[in-house]
Structures are given as structure tokens and as C-alpha cells.
Amino acid sequence: DLGFNSAKLVIYNVKDDDSFDVYQQEGIKVKLGEGLDEKGRLGKKPMSRAIDTLQVFRDIIQLNPIKSVLPIATSAVREAHNKEDFLNIVSKETGFNFKVLSEREEALYSYVGAIKSLHIPDSLFFDIGGGSLEIVYAERFKIRKVISLPLGALRLTHQFDGRKGKFTEKNLKDLKRYIWNLLTSKKD
């Protein structure tokens, strides 16, 4: 899972009854989305960090009896103007061919993964990542509404903390206004 802030590798042991447990789990902060909002492109340093991490993940996979690999990418890659160039380099350097999830797919995959273990029929599900926030509303396990917003934790911190590592009253007020405007535009 290649996200806005981190890359994650999870190796599952899938049982005959389709249940599973985690065999190994790794996560590395690559900050792939660093500078994306300003430039609209993935930067050279973030791409290099991501590729280095993916090469380590490739090596871990090669040391294990893995039957199938599903590399997915989310908001940073989805939004980048240079995503095709990046994905081509990743494929060449690591052998991974990423599926870039749409906003809706990202929300639905997150929801289905969580609801499988929670078994809550009526829910308002939130998945906040580094670059986006996915919201799924379900009644009796039937999905009624899916929303994806550019309200990820790392993205908002970079946009509104003034790059100083803490929020001023003005930055916090601007952040609240920004979020409110996005939410009110999604009323339907």
C-alpha cells in the first residue's frame, strides 16, 4: 500500500476458509506526497524514498513463500500529474505494477476491510490517511454514501501549520474554514 505518507507491506496467511491472519507487517514513512499540493507532481526525493522502500519490500517478498502480490497506490499517486512516469520507474526498478485506486475504491476497500472484522451493520466509517479522508455510510451493511476528501492528516498539517510544526490561532481558524467549505460542498 503506497500512500501519501507511508508505504506498508502486509503479508497474510490465508486459510482454507478464507479467513486470514497477519504473518508479517512493515510500514515506512516515505512522505511520497511531500510537495504535491504545491507542484502537482511527485518530487524526486519522495519518489526516490518510495522506490528504495519498495525495493526492500520486494526483497522481503522474495524471501517468503508468497503466492500473490497486490500493490496498490492511493491519493498521492492518484493526484500526481507525473504518476505514469513514476509508475513506469517503479515497475522497472522493483517489478511492482501498482493498481491506483480511485477515491471510491479506496473508501470501499477500507470499509470492507474494517467491517469484515467489526460486523457493525449500521455505520459511519472514517478512514483518515496522510492525503485523504474516506467516509462510508452504511445501513444493514448496504453502502448508502461514499465520500473522499483531500483531508489527510499530513496534507492538512503541511497546508496549515505554516511549516513551523505547530498551529497558530489564525492557522487553526483557516483550517476549520477550509474543512467546513469542503464538507458543505458535499451535502448531497
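Modeller: F125 has a relative accessibility of 16%. The cut-off for buried is under 20%, so F125 counts as buried. Keep in mind that this is a predicted model.

F125 belongs to an aromatic pair. The structure holds 4 such pairs. In this one, the ring centres of Y111 and F125 are 5.9 Å apart. Their planes stand at 75°. Planes over 60 degrees apart count as edge-to-face, so that is the class of the Y111 and F125 pair. Where do the partners sit? Y111 is in helix α5, residues 103-118. F125 is in strand β5, residues 123-128. The pair therefore ties together parts that are 14 residues apart in sequence. Y111 is also buried, at 3% relative accessibility.

A second pair joins F160 and Y178. Here the centres are 5.3 Å apart, and the planes make an angle of 50°. This pair is tilted. F160 comes from helix α6 and Y178 from helix α7, so the pair ties together parts that are 18 residues apart in sequence. Y178 reaches 25%, so it counts as partly exposed.

Now to α6 itself. Its buried residues are L154, R155, L156 and F160. What covers them? The cover includes α1 (36-39), α3 (75-79) and α7.

Take α7 from that list. Two packed helices are described by the angle between their axes and the distance between the axes. Helix α6 spans residues 153-160, and helix α7 spans residues 169-184. They pack at about 130°, with axes 10 Å apart. That angle makes α6 oblique to α7. The crossing of α6 past α7 is right-handed.

Which residues make the contact? From α6 come L156, Q159 and F160. From α7 come N171, D174, L175, Y178 and I179. By class, this contact has 5 nonpolar, 2 polar and 1 charged residues.

The aromatic pair and the helix contact meet here. F160 and Y178 form the tilted pair, and both residues also take part in the contact of α6 with α7. L156 is in that contact too, and it is one of the buried residues of α6.

How values were computed
Residues are numbered from 1 along each chain as its sequence is written. This is a predicted model: local features need pLDDT of at least 70, side-chain atom pairs count only at pLDDT 80 or more; totals for chains, interfaces and linings use all residues. Side-chain values use heavy atoms; hydrogens and water are left out. Axes are lines fitted to C-alpha atoms, for helices over the stretch in contact, and angles run from 0 to 180 degrees between N-to-C directions. Helices (H or I, at least four residues) and strands (E, at least two) are DSSP runs, numbered from the N terminus. Angles under 35 degrees count as roughly parallel, over 145 as roughly antiparallel, 65 to 115 as roughly perpendicular and the rest as oblique. A crossing is left-handed if the near helix is turned anticlockwise from the far one by less than a right angle, and right-handed if clockwise. Contact means heavy atoms within 4.5 Å. Ala, Val, Leu, Ile, Met, Phe, Trp, Tyr, Cys and Pro count as nonpolar, Asp, Glu, Lys and Arg as charged, and the others, Gly among them, as polar. Rings of Phe, Tyr and Trp (its six-membered ring) pair if their centres lie within 6.5 Å; planes under 30 degrees apart count as stacked, over 60 as edge-to-face and the rest as tilted. Buried means under 20% relative accessible area, exposed over 50%, partly exposed in between (1.4 Å probe, protein chains only).
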